[in-house]
Amino acid sequence: YSVTWGNASTNTTCVNLPVGYATYTITNGTCTFVDSVLIENPNAPSMNIDNIVDALCNGQTGEINITISGGTAPYTILWSDNSTNEDLVASAGTYTAVITDAANCVANVTSSTITEPSALSATINTTDETCPLCVDGTAAVVVSGGTPNYTYSWSNAATTDSIGGLAPGTYTVTVTDANGCSVNLNSTVNMFVGLDELANFGLEVYPNPVVDFITVSSKKDMI
């Protein structure tokens, strides 16, 4: 008779087999018998995933918290990102780990995923003053991503997503989402400048009304 194990060993006794089914084949040259035996390790370490903490903001880190029991302490842990801490702190992604105890018995951490929200972003749409000293500029924020709902804090103390009645100038706003992630923006409301205003700066524009071309001249050395 000859014996061949699944790991290619031809000894009748096979040692140092991992936990799981070990297959062997016995043949006498005419007949072949194939079977397997279950190798168990009741003393192997085990683990439990206690908690997964997702990232609050895009690009931040989350956590996978585990508890190890059984086996023979101390344990070594190797996560798929090469971290060796028991509790993993990492960016969004899917992770596994291998736990080895002092007797070289092994347990695997099942695939676990840390998620993150999409990136918080915003833009500001502005309208300029429509006439001299009208103070009627506007600014409105358009937000996407992050985690709704959003709050707004403007440099003029307003707390809404849009503001009006604005004099010419620069306005800043901080947009914060429900997880505390924030983004800062600024926009400028421009002043209205007509022919009368140009005259105040010592400029003359002619002919007025314009026919084919326009000429601008200055009566002052400095504007």
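Analyst: A disulfide is a pair of cysteine sulfur atoms within 2.5 Å. This is a predicted model, in which local features need pLDDT of at least 70, side-chain atom pairs count only at pLDDT 80 or more, and totals for chains, interfaces and linings use all residues. Residues are numbered from 1 along each chain as its sequence is written, and side-chain values use heavy atoms, with hydrogens and water left out.

User: How many disulfides does the rule give?

Analyst: The count comes to 2 disulfides. One joins C57 to C181, with an S to S distance of 1.8 Å.

User: Why is that one left-handed?

Analyst: The torsion about the S-S bond of C57 and C181 is about -100°, so this disulfide is left-handed. The pair links distant parts of the chain, 124 residues apart: C57 is in the loop between β4 (45-53) and β5 (61-70), and C181 in the loop between β14 (169-176) and β15 (182-189). Strands here are DSSP runs of E, at least two residues long, numbered from the N terminus.

User: Are C57 and C181 buried or exposed?

Analyst: Both C57 and C181 are buried; that term means under 20% relative accessible area, exposed means over 50%, and partly exposed lies in between (1.4 Å probe, protein chains only).

User: And which cysteines form a disulfide with sulfur atoms 1.2 Å apart?

Analyst: Those are C131 and C134. C131 counts as partly exposed because its relative accessibility is 26%, and C134 does so at 28%.

Technical notes. Helices (H or I, at least four residues) and strands (E, at least two) are DSSP runs, numbered from the N terminus.
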